[in-house]
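Me: Hey, I've just opened this one and I'm new to it. Could you walk me through what's here?

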Protein chains: 2
Amino acid sequence: MKNFSRQRQAVIDVLCSTKTHPSAAWIYEKVRETIPNISLGTVYRNLALLESEGIIRKVSVGDSSEHFDGDTSMHSHFYCKGCKQITDIPFDTTDDCKKLEEKTGLSVESATYTFVGVCTNCNKNKN
Amino acid sequence: MKNFSRQRQAVIDVLCSTKTHPSAAWIYEKVRETIPNISLGTVYRNLALLESEGIIRKVSVGDSSEHFDGDTSMHSHFYCKGCKQITDIPFDTTDDCKKLEEKTGLSVESATYTFVGVCTNCNKNKN
DNA sequence: ATGAAATCAGTAAAGATTACTATTTTGCAA
DNA sequence: TTGCAAAATAGTAATCTTTACTGATTTCAT
């Protein structure tokens, strides 16, 4: 087990305490409740570092900002165009990655499968 | 067939003439070769408009900028962490979307499946 | 022709991310 | 312990990406 700095641990804690797939700015605000003078740069640096080590994941849904996910277990995402929320989908991409490797010779390390549409709640509230 | 403005048509033409999945900035520079005084805002506005009408696609790979694709036929993408290039993968997500709809009741309109790893060329040049 | 709607160029502003620097913290070896 | 090098941080500036705005221009159906 590695020894994380207080700031790095706080970023992990905030990210693991939510299922909302937040942005860096949101994480920054949350961590500030515990460490009021943490720097936004520190949040970004730690997010990048943690992602490169596979401790957290980056989630891109096309809203011109990156989102992060503390849950590294195998799953995919659904992005609602209405409420802009990202929710988890239990879809395993492992087999597709393997197949792609075998077929193409590419080194496939991971995959992100993002479904886009309108969630049940937003569908209800349509006018 | 719709009647596009010169600027809008130029954006389409540039995007359809490449397989590189370019960013808005790249498209802007390319279109400027034909229309030197086109505005970057015009490029963004038309990209957003064309995407909302399903004429082009947005591709997010997690490099903190959006990419665009003039090829709307069903396919997925591979993102090389080495050379940062995006290439097409012939993978059909239609069935997965349908299954997800049936299972969850969500309105699934589309999906983006992005495989991440290292391409054969970058693998060769590793040190 | 002509007037409303759409589109545009140019620019400003906002939002997201990265870079930089001086300071502080950490871990380890003497 | 103490000292020192490496790592990490706060604070800020700078950059990059995207959106918003405004007045002028174009389009197009009447």
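Me: Let's start where the two chains meet. How many salt bridges are there across the interface of chain B and chain A?
Reply: The rule finds two across that interface. Bear in mind that this is a predicted model. One of the pairs is Lys81(B) with Glu109(A), where the closest N and O atoms are 2.8 Å apart.

Me: And which elements of chain B give two or more residues to the side that touches chain A?
Reply: Those are helix H4 (94-104), strand E5 (107-118) and helix H5 (120-124) of chain B. E5(B) gives the most, with twelve residues.

Me: What sort of residues are on that side of chain B?
Reply: They divide into 14 nonpolar, 13 polar and six charged.

Me: How many residues are in contact, chain to chain?
Reply: 33 residues of chain B are in contact with 33 residues of chain A. There are also 20 residue pairs in polar contact between the two chains, counting pairs with both residues at pLDDT 80 or more.

Me: OK, and how much area do they bury between them?
Reply: About 2500 Å², with 55% of it on carbon and sulfur atoms. On the chain B side, Leu106(B), Tyr113(B) and Phe115(B) supply 19% of the area buried against chain A, more than any other three residues.

Me: You mentioned E5(B). What does it pair with in chain A?
Reply: With strand E5 (residues 107-118) of chain A. Eleven bridges join the two strands, and they run antiparallel. To give you one spot to look at, Phe115(A) stands opposite Ala111(B).

Me: Is Val116(A) buried or exposed?
Reply: Val116(A) counts as buried because its relative accessibility is 14%, and the cut-off for buried is under 20%. You'll find Val116(A) in strand E5 of chain A.

Me: What is Val116(A) in contact with?
Reply: Leaving aside neighbours within four places in sequence, Val116(A) is in contact with residues of both chains. In chain A those are Phe78(A), Tyr79(A) and Lys81(A). In chain B they are Ser107(B), Val108(B), Glu109(B), Ser110(B) and Ala111(B). Lys81(A) is 35 residues away from Val116(A) in sequence, yet the two are 7.0 Å apart in space, C-alpha to C-alpha.

Me: Let's zoom out. What pattern does chain A follow along the sequence?
Reply: It goes α-α-α-β-β-β-β-α-β-α, with five helices and five strands. The C-alpha atoms of chain A fill a box of roughly 50 × 45 × 25 Å along the principal axes. Of the 127 residues in chain A, 43% count as buried.

Me: Back to salt bridges. How many does the structure hold over all chains?
Reply: Six. Among them is Glu29(A) with Arg32(A), with the closest N and O atoms 3.6 Å apart.

Me: Where do Glu29(A) and Arg32(A) sit?
Reply: In helix H2 (residues 24-32) of chain A; they are three residues apart there, so about one helical turn separates them. Glu29(A) is partly exposed at 42% relative accessibility, and Arg32(A) is partly exposed at 32%.

Me: What does Arg32(B) form a salt bridge with?
Reply: With Glu29(B), the closest N and O atoms being 3.6 Å apart. Both lie in helix H2 (residues 24-32) of chain B, about one turn of the helix apart.

Me: Which residue meets Glu33(B) in a salt bridge?
Reply: Lys30(B), at 3.9 Å from N to O. Glu33(B) is exposed, with a relative accessible area of 60%, whereas Lys30(B) counts as partly exposed at 34%.

How values were computed:
Residues numbered from 1 in each chain as written. Chains lettered and ligands numbered in written order. Predicted model: local features only at pLDDT ≥ 70, side-chain atom pairs only at ≥ 80, totals over all residues. Heavy atoms only, no water. Contact = heavy atoms within 4.5 Å. Buried area = accessible area lost by both parts, 1.4 Å probe. Salt bridge = Lys/Arg side-chain N within 4 Å of Asp/Glu carboxyl O. Polar contact = N/O pair within 3.5 Å; in protein donor to acceptor, adjacent residues only side chain to side chain. Helix = DSSP H or I, 4+ residues; strand = E, 2+ residues; numbered from the N terminus. Nonpolar A, V, L, I, M, F, W, Y, C, P; charged D, E, K, R; others polar. Pairing = 2+ DSSP bridges. Buried < 20%, exposed > 50% of the residue type's maximum accessible area, 1.4 Å probe, protein only.
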